[in-house]
Amino acid sequence: SRWTELFENEIMVAALIDRVTFRSHVLNMNVKDSYRLEQTLAKAT
C-alpha cells in the first residue's frame, strides 16, 4: 500500500504490481500473532 511513496509514478507502480502478482499466490502476512509462537505455546501445554 506504500509503493507510491517509493516510486513517483502511480501508473508504473500499478503496472509493476500487476506483473509481479500475475498468476501468483498472494499471502497476507499482516497477522497479529506469530504462527510459530502459537505452535510453541500449544506444544508447551
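Let me start with a term: buried means under 20% relative accessible area, exposed means over 50%, and partly exposed lies in between, with a 1.4 Å probe and protein chains only. Now apply that to helix 3, residues 35–44. Helices here are DSSP runs of H or I with at least four residues, numbered from the N terminus, and strands are E runs of at least two. Helix 3 is hardly covered: of its 10 residues, the count that is buried is zero.

Some ground rules. This is a predicted model, where local features need pLDDT of at least 70 and side-chain atom pairs count only at pLDDT 80 or more, while totals for chains, interfaces and linings use all residues. Residues are numbered from 1 along each chain as its sequence is written, and side-chain values use heavy atoms, leaving out hydrogens and water.

Stay with helix 3. Ser34 caps its N-terminal end. A side-chain oxygen of Ser34 lies 3.3 Å from the backbone nitrogen of Arg36. Ala42 sits in helix 3. Ala42 counts as partly exposed because its relative accessibility is 48%.

Next, the record. UniProt, in an unreviewed entry, places "domain: IstB-like ATP-binding" at residues 2–40. Such annotations may be inferred rather than shown by experiment. Over residues 2–40, the chain is 56% helix and 0% strand. The end C-alpha atoms of that stretch are 33 Å apart.

On to the aromatics. The structure holds one aromatic pair (ring centres within 6.5 Å, using the six-membered ring for Trp). Why is the pair of Trp3 and Phe7 called stacked? The centres are 6.1 Å apart and the planes meet at 15°, so the pair is stacked; the cut-off for that is under 30 degrees. Trp3 is partly exposed at 39%. Phe7 is partly exposed too, at 40%.

Helix 1 (3–6) and helix 2 (10–21) each supply at least two of the residues.

Last, charge. There is one salt bridge, meaning a Lys or Arg side-chain nitrogen within 4 Å of an Asp or Glu carboxyl oxygen. Glu5 and Arg2 form it, at 3.3 Å from N to O. Both Glu5 and Arg2 are exposed.

How values were computed. Phe/Tyr/Trp six-rings, centres within 6.5 Å; stacked < 30°, edge-to-face > 60°. Polar contact = N/O pair within 3.5 Å; in protein donor to acceptor, adjacent residues only side chain to side chain.
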